[in-house]
Amino acid sequence: MSGTPKILAGRVAVVTGASRGIGKGIALELGAAGATVYVTGRTTEPGRLPGTVQETAAMVTDFGGHGVAAVCDHRDDDAVEKLFTRIREEQGRLDVLVNNVYNSPAAARWLGRKFWDVPPRAWDETFEIGVRSHYVASVFAAPLLIESAGLIVNVSSPGARRYMHNAVYGVGKTALDRLTADLAHDLNGTGATAVSIWPGIVDTELLQMVPADEHGRRRVTLPGEGSFDLDTAETPRFPGRAVVALAADPGRATRSGKSWKVADLAEDYGFTDVDGRIPRAD
């Protein structure tokens, strides 16, 4: 975006699962800050939900960075390894890895279900894409990130600390935050860092399908958790601004290994959502 300081000019980032949603918002903000952003995902043709890796990459460029579409199935370890080999060959460096890929439509099927109503395959879906894929990308990215004293950001959730959605979701996010802590432990002394971020309720393309009520408000009810006004939710670009702030912070080592609410990072670093608010959904 014109007028946005290019504080990440010359930096290279990967955002996994960035065809849409939070990943797309993070990729756009990294682009606005001047970074080269590899946008990964499987979607090359729009389906029920809009967005493709090519469209996000083009928008990254429009926002002032350089977007690179990288079609990648994060269940395929060989494909992930080839991605980071490609980045070394094309860029010679990597500064930021954002592990965001997640199967939200699949997870949505089991919202509010007791554990005995959630089939074992939901566990596998959650851990394969929501935990294992983050580990695999981190493994192959690590040599590049250590060379650049770079940053790993895992997109997690307050579900790591309190009950949200169902038992499988909470265990998956707890595992992801434990992964963050252990990655940071191993990276200690290398200059590279790892953090988790916790967005609040994010108005993604999936939630934008929720129709307005008779009062013109879009509300979503999560079983056992309450009703939420989507018109006050954060945009996908809000967590993106958190990633930019972390990537640009020379003192971020003090945050390594920990989980951070995006709203708290906004207050610490002084950024807002696109409408000037700091949304909170505690």
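Me: Why are W123 and F127 separated by about one helical turn?
Reply: Because they are four residues apart in helix 5. Helices here are DSSP runs of H or I with at least four residues, strands are E runs of at least two, and both are numbered from the N terminus. In general, an α-helix has 3.6 residues a turn, so residues three or four places apart point the same way.

Me: Before we go on, what kind of model is it, and what are the ground rules?
Reply: It's a predicted model: local features need pLDDT of at least 70, side-chain atom pairs count only at pLDDT 80 or more, and totals for chains, interfaces and linings use all residues. Residues are numbered from 1 along each chain as its sequence is written, and side-chain values use heavy atoms, with hydrogens and water left out.

Me: Ok, back to the rings. How are the planes of W123 and F127 arranged?
Reply: The count comes to three aromatic pairs. One of them is W123 with F127, which is stacked, at 4.5 Å centre to centre and 15 degrees between the planes. The rule takes rings of Phe, Tyr and Trp (its six-membered ring) with centres within 6.5 Å; planes under 30 degrees apart are stacked, over 60 edge-to-face, and the rest tilted.

Me: And F127, buried or exposed?
Reply: F127 is buried, with a relative accessible area of 19%, while W123 is partly exposed at 40%. Buried means under 20% relative accessible area, exposed over 50%, partly exposed in between (1.4 Å probe, protein chains only).

Me: What does S133 touch?
Reply: S133 lies in helix 5 (residues 120–148) too, and F127 is among its contacts, along with H74, V101 and E128, leaving aside neighbours within four places in sequence. Contact means heavy atoms within 4.5 Å. S133 counts as buried, at 2% relative accessibility.

Me: How many bridges for strand 1 and strand 2?
Reply: Four, in the parallel sense, between residues 12–15 and residues 36–41. V12, for instance, has T36 of strand 2 as its bridge partner.

Me: How many residues of helix 7 are buried?
Reply: Nine of its 12, so it's mostly covered. Among them are F238, P239 and A242. The cover includes helix 1 (21–32), strand 4, strand 5, strand 6 and helix 8.

Me: What does V262 touch?
Reply: F238, P239 and A242 are among its contacts, as are I197 and W198, not counting residues up to four places away in sequence. V262 lies in helix 8 (residues 262–269) and is buried, at 0% relative accessibility.

Me: Last one: which side chain makes a polar contact with S196?
Reply: The side chain of T180, at 2.6 Å. A polar contact is a pair of N or O atoms within 3.5 Å; within protein, one must be able to donate a hydrogen and the other to accept it, and residues adjacent in sequence count only if both atoms are side-chain atoms. S196 lies in strand 6 (residues 193–198) and is buried, with a relative accessible area of 0%.

Key. Pairing = 2+ DSSP bridges.
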